[in-house]
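Here are a few notes to read alongside the model. Keep the 3D view open as you go.

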Amino acid sequence: MTKSSLSKVRVRFAPSPTGSLHIGGLRTALFNYFFARRHSGAFVLRIEDTDQARFVREAEWDILSGLKWAGIEPDEGPQQGGDFGPYRQSERQAMYALYAQQLIDEGHAYYAFDTPEEIEAMRERFATEENPSPKYDATTRGEMTNSLGLSGEEVRERIERGDAHVIRLKVDPGGRITFQDHIRGRVSFSTGGIDDQVLIKSDGMPTYHLANVVDDHAMGITHVIRGEEWLSSTPKHILLYQALGWEPPEMAHMPLIMNPGGKGKLSKRHAETQGLPVTVEQCQLAGYEPEAVINFLALLGWNPGDDKEIFSLDEMAELFSLDRVNGGGVQFDVNKINWFNQQYVRGFSVDQLLERAEPHVRKNASAWAAGFFKGEERRRQIAALMQPRITFSKDLSETGGYFFEDPTTYDEAAVKKRWKEGSAELLSAYADRLGAASDFDAAQAEAMLRALAEERGAGAGRIIHPVRLAVSGVPGGPSLFDMMEVLGREVCVRRIRKAVEVLG
RNA sequence: GCCGCGUUCGUCUAGGGGUCCAGGACGCCGGCCUUUCACGCCGGUAACACGGGUUCAAAUCCCGUACGCGGUACCA
């Protein structure tokens, strides 16, 4: 019986607050969240702020709001509290110091006084072709300044004097660490390849390794689900669990999201050069719907085994299983995430679509954006007409401006193709009839147009296309007559006459 | 360099000894619908990294090679 099968599942998402929430991080959070929900467990947020140099004040807020946007709020965390707090590592320092001391007392760890320069010198001294980067480990620690070689007296003296020092784990090189990874199966490392890991840094802060192990244990974490970049740290962590006399949690290392092309982890730098949304913030700005983003992210490396692709958060949480997560890295495909977005946009009710578009429209200062908020019913008509033609809800605020403003230019290629000899005359006649008609709606506009075409012995297309051009300025868009009805008679007549004047 | 993980259409994947001359989705290309553009529908393109085993039978199991990625910090 493993520990996890006996106790309630507890997982954690443990980002360090160094910047905005990366979608790779969101995906890790998502998988943890799914696993927790699937097993009726708890999803814990822990902030790993032990690196003072890289700490970013707003990052914690950013992470939280990113998770909230995605719909996965933690059950426990710095904001929501919980029985295992505090949830920021900077507030748990005393605990790390306590266990570090215990490790020293029991001979599993030692003080080291070497300066970075001295360590660098050691590396240079022992570097060979086969081993270009020697480690601080069993083979070299005898050469260094640490409590293993110094007398107890001298160690005490140095510490009291305030000499900079760290605490290192004493790794026995003769062992082998083997563990069962839920995604990769059996994974095995020789301890000979592991250096004497720093546990407490000279500023008194714990390193990731110590803090992580202590907290996962103290917080009752049963399953560690994290990115593959941690796989080779896992034996260090298991060594720590052993030294502390604790049972390690279950492990699962997720495949990484790679740049398009497969070169390296998806990076912010890459995002900038290729315009990819790499952070939650960028996703929001680009107008992605959260449902699309989480659906896309979840299916990167995981799938429930059938052909279905569109899943709600709840469905995924219900179906999720670590056994169905693949081991290989996955490339970010902007086409696919756009397709997901389009699927969700198309599935929205008109009111939902409008609701999603609104914040984006508000940022748009154009005259027509102002017009967008004028008539409720009209806005709904426009949204309904545009819905099958857009990928992002915010496209409502970026294409289809002709619903609000008269076109000022006419698509050149379309003019060349559609504006023929006689177009001007036909359009003038059509405008006259529209103006004189007793009624005006889509059906009327169409009937009049077709009647005119027939009278003149011309195909309806000879009028439809130039009218579309006159009315919208562009070659594509919703059904011409629906569009005309929404615009209203006066506007249509005005635009047609204007086009006749401009295009001759 | 060393250690670890990975490798099915361009991409995300199904499949885990016979049902696979490998299925789905995105993309791309054609067609239908529509006198627009989309949507939708129909069709097409395209893959088991390579080499050895094991087996009556291998995409599936084993070994090796290649390639990719990750790690190799007082960063997480």
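**Notes on a sheet and a pocket**

1. Strand β4 (residues 166-169) pairs with β7 in the antiparallel sense, over 2 bridges. Strands here are DSSP runs of E, at least two residues long, and helices are runs of H or I of at least four, both numbered from the N terminus; a pair needs at least two DSSP bridges. R168 has V198 in β7 as its bridge partner.

2. A word on the source: this is a predicted model, where local features need pLDDT of at least 70 and side-chain atom pairs count only at pLDDT 80 or more, while totals for chains, interfaces and linings use all residues. Residues are numbered from 1 along each chain as its sequence is written, and side-chain values use heavy atoms, leaving out hydrogens and water.

3. The pair belongs to an open sheet of 3 strands, in the order β3-β4-β7, with antiparallel pairing. β3 (109-112) and β7 (198-200) are the edge strands; each has a single partner, so one side of each has no neighbour in the sheet.

4. Now look for the largest pocket, with a volume of about 1,100 Å³. (A pocket is an open set of points on a 1 Å grid where a 1.4 Å probe fits, with protein on both sides within 12 Å along at least five of seven lines; lining residues have an atom within 4 Å of a point.) Of its 39 lining residues, P15, S16, G25, E229 and W230 are the closest to the centre.

5. Which element gives the largest share of that lining? It is α2, with 5 residues. β1 (10-13), α2 (23-38) and β8 (223-227) each supply at least two.

Definitions and conventions:
Chains are lettered from A and ligands numbered from 1 in the order in which they are written. Grid points are joined across faces, edges and corners, and a volume is the space filled by probe spheres set on the points.
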